[in-house]
Amino acid sequence: MGRRRTVLALVKKEFLQVFRDKMMIRLIFVAPILQLLLLGYAVNLDVRLIYTAVFDHDRTEISREFLRSFSADDYFVIDAPDIPITQAEKGFRENRYNAALVIPEDFSERLEAGQEARVGFWVDGTNANAAGIAIGYAGLITQKFNERMTPLERPITLHKKFLYNPEAKTIYFMVPAIVATLLTSLTVMLTSMAIVREREMGTLEQVMVTPISTPAFIMGKTIPFAILGFIEITVALAVGIAWFRIPFVGSPLLLYSLAFVYLFTVLGVGMFISTISHTQQQAMFFGWFFSVFAILTSGFFTPVANMPAVVRYITLANPLQYFMKIVRGIIMKGATAGDLYREIAAMFVFGAVIFSFSWIRFSKRTK
Amino acid sequence: MTPGNTPVPIEVRGFKKLYGSIVAVDGIDLSLGKAEILAVAGPDGAGKTTLFRSICGLVDFTEGKISVDGYHIPKDFEAVKPILGYMPQIFSLYPDLSVEENLAFYAGLFGLSRDEFRTKKERLYEFSGLGAFADRRVQNLSGGMKQKLALSCNLIHNPEILVLDEPTTGVDPLSRRQFWDILADLKREGASILVSTPYMDEVGRADRAIFMNRGKLLAEGTPEDLVNRYQGRVYEAPVEVTSAGMRKLDGLGIRAGRFGATLHIYTHEMVDGGSVTTALEGAGLAPGGVKEIEPGLEDVFIQLMGVEPGNEHNSEGATHD
């Protein structure tokens, strides 16, 4: 009875403080929406409208046909610049175009003679990701062109199909990732800062001479941020579904249950940070450091499989990586608990280890 | 001594605390009696806060024994929490919460029910006069009101023992007086109060006092006892002296303390006012009308402390506010 009142008093106080702070409300409710809108529109990994300079030295019907096949979709925007090919690089430096297509003089001649014709395709490698995609498109277009020109009666055609995300929309893949990262950075930062603020202000000392037990204190300090975390992911999901029309294939109950398990990890990290920080700035810095590390090695932008072996091993220690798979799996593929058993096991292990370790450390720090 | 209901709510023996090689407190003994107000007086750095925080189980100490209500500290501190109220030196309530929200928070921590809180709240408002400011945010309260609220939060569970670390520092004179009126009421109701202060005038309102300086105990006794400790005469001269001037006096072997616009000169029994005037003139001061006065607690303190150059006790308004 006494314990329940104590925890309730702490939770109530924490909410009063959070909702009285206009900055906090902005941070909690406006930030996720802004993040979604920004990432939804700006961080579009779909590559389209590749400005391509064309140097057609052949100038025949065949070469023009080849160029038309390039401009048929909106992947490439082709243009024949008024400059000699020797100055083509200047156009890249000035960002006037990101690719160049060079058709040699003997292009049609060789094709008509049934010989191999070479076409040059240069692409701006500054953005390696976009460059790779552009080369892929160019290859596909060339392949299709070959098929049309080939004398074979039944040309081999390649059928591509994107599973789970047929339109290959970046936003479908971003929203779940944002849900996972928001829950991570928000809870880590808020928990650690809320505890450190009390220490910084001296209120922790005042609280510690009351008969409150350490478990009650920890519960009082974590429950509010767990609740805020749930509110946060709900806001992000609602915006994703209502605005970006992302399909939610799997079970929301499973997602929320696993988010609950994941909370032990992030709240534990927040608590741990509070034991190594003396000021709120320090806590914020540690929280930021953790979040950046966790996000970069989580497969948010770059698939973990593409990372070098050493980094891949490091990512095994990143709880967000597993949670990211869980969130994307449930939302996009409708994954079940059975499909995700490895990630779920990881969630439980991380949660148990990190939370109990921080609990012990925290208890020792405050006695 | 059995824990609980002992005749000595707080007992400290041979208390010593080192921070690294720096001695913060060097061998303090004190005992707080039931329904007694014991004041611990001394300047900044005397070691009062270290002593008080140790009594409240917040720091480990190097040597000595502390018992609160018969319980060993820090080992059995948990047992004492329900009957102890501690006001830290630094104001430590939530500035972004209102007066009532702060009280409700502490009521929750001590496990009071809603009804218990309502009754208690009214009583606390009654004696603190904070009822009119119940919805005001703490950050918008005056210094005196803040301290009354901090005390109120510590009274929510009817503690038998109060440990108050400089509760009136930085508070206006009227509020300080009101604060001590509240302490007197609490004492009448049976509370035992250990309170530290840098103001000597407040020592006069305690039952007993301890003078501390640089971690050491200088004297102990009732305010009357302590005043009688003064040996020699005290002369007052209406001159304002700079720190450099004080060093000069010290160099000439004149013991003195600054009291705002006046100077107190401490002499042997045989020295008369005329010689004091001459001595001051010799130091380049022009005292107009040196007269002998009754020694106050502050004068006792300065005499006990021994005035050291650059370390003279700065009597922050002890006599004139």
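**Domains, interface and confidence**

Modeller: Happy to: in chain A, the C-alpha centres of domain 1 and domain 2 lie 47 Å apart. Do keep in mind that this is a predicted model, where local features need pLDDT of at least 70 and side-chain atom pairs count only at pLDDT 80 or more, while totals for chains, interfaces and linings use all residues. Residues are numbered from 1 along each chain as its sequence is written, chains are lettered from A and ligands numbered from 1 in the order in which they are written, and side-chain values use heavy atoms, with hydrogens and water left out.

Colleague: Which residues make up domain 1 and domain 2 of chain A?

Modeller: Domain 1 of chain A takes in 2-43 + 169-366, and domain 2 covers 50-149. Those bounds come from an automatic or database domain assignment.

Colleague: Okay, on to the two chains together. How many residues of chain A are in contact with chain B?

Modeller: On the chain A side there are 21 residues, in contact with 31 residues of chain B; contact means heavy atoms within 4.5 Å. The area buried between chain A and chain B is about 2400 Å², with carbon and sulfur atoms giving 59% of it. Buried area here is the accessible area (1.4 Å probe) that two parts lose on being put together, summed over both.

Colleague: And which residues in chain A lose the most area to chain B?

Modeller: A:Arg20, A:Gln206 and A:Val209 do, and together they account for 27% of what that side buries.

Colleague: What does A:Arg20 form a salt bridge with?

Modeller: Its partner is B:Glu101, and the closest N and O atoms of the pair are 2.6 Å apart. The rule, a side-chain nitrogen of Lys or Arg within 4 Å of a carboxyl oxygen of Asp or Glu, finds two salt bridges across the interface of chain A and chain B. As background, side chains of opposite charge can pair when their charged atoms come close.

Colleague: How many residue pairs are in polar contact across that interface?

Modeller: Eleven residue pairs, both residues at pLDDT 80 or more. A polar contact is a pair of N or O atoms within 3.5 Å; within protein, one must be able to donate a hydrogen and the other to accept it, and residues adjacent in sequence count only if both atoms are side-chain atoms.

Colleague: Which helices of chain A supply residues to the side that touches chain B?

Modeller: Helix H1 (2-20), helix H7 (170-201) and helix H8 (203-208) of chain A each supply at least two residues. H1(A) gives the most, with eight residues. Helices (H or I, at least four residues) and strands (E, at least two) are DSSP runs, numbered from the N terminus.

Colleague: Now a salt bridge inside chain A: what does A:Glu198 pair with?

Modeller: A:Glu198 forms a salt bridge with A:Lys13, the closest N and O atoms being 2.3 Å apart. That pair links distant parts of the chain, with A:Glu198 in helix H7 and A:Lys13 in helix H1 of chain A, 185 residues apart.

Colleague: Switching to chain B, where are its domains?

Modeller: Domain 1 of chain B is 10-226 and domain 2 is 230-305, with their C-alpha centres 35 Å apart. Their contact takes 13 residues from domain 1 of chain B and seven residues from domain 2 of chain B. The two domains bury about 790 Å² between them, of which carbon and sulfur atoms give 80%.

Colleague: How many salt bridges are there between those two domains?

Modeller: The count is zero salt bridges between domain 1 and domain 2 of chain B, and the rule finds zero residue pairs in polar contact there (both at pLDDT 80 or more).

Colleague: Where is the cis peptide bond?

Modeller: It joins B:Ile73 and B:Pro74, with omega about 5°. B:Pro74 is found in the loop between strand S5 (71-73) and helix H2 (77-80) of chain B.

Colleague: Last one: over which residues does pLDDT stay under 50?

Modeller: In chain A, residues 153-158 stay under 50, and in chain B residues 307-321 do. pLDDT is the predictor's confidence in each residue, from 0 to 100. The mean is 85 for chain A and 87 for chain B.
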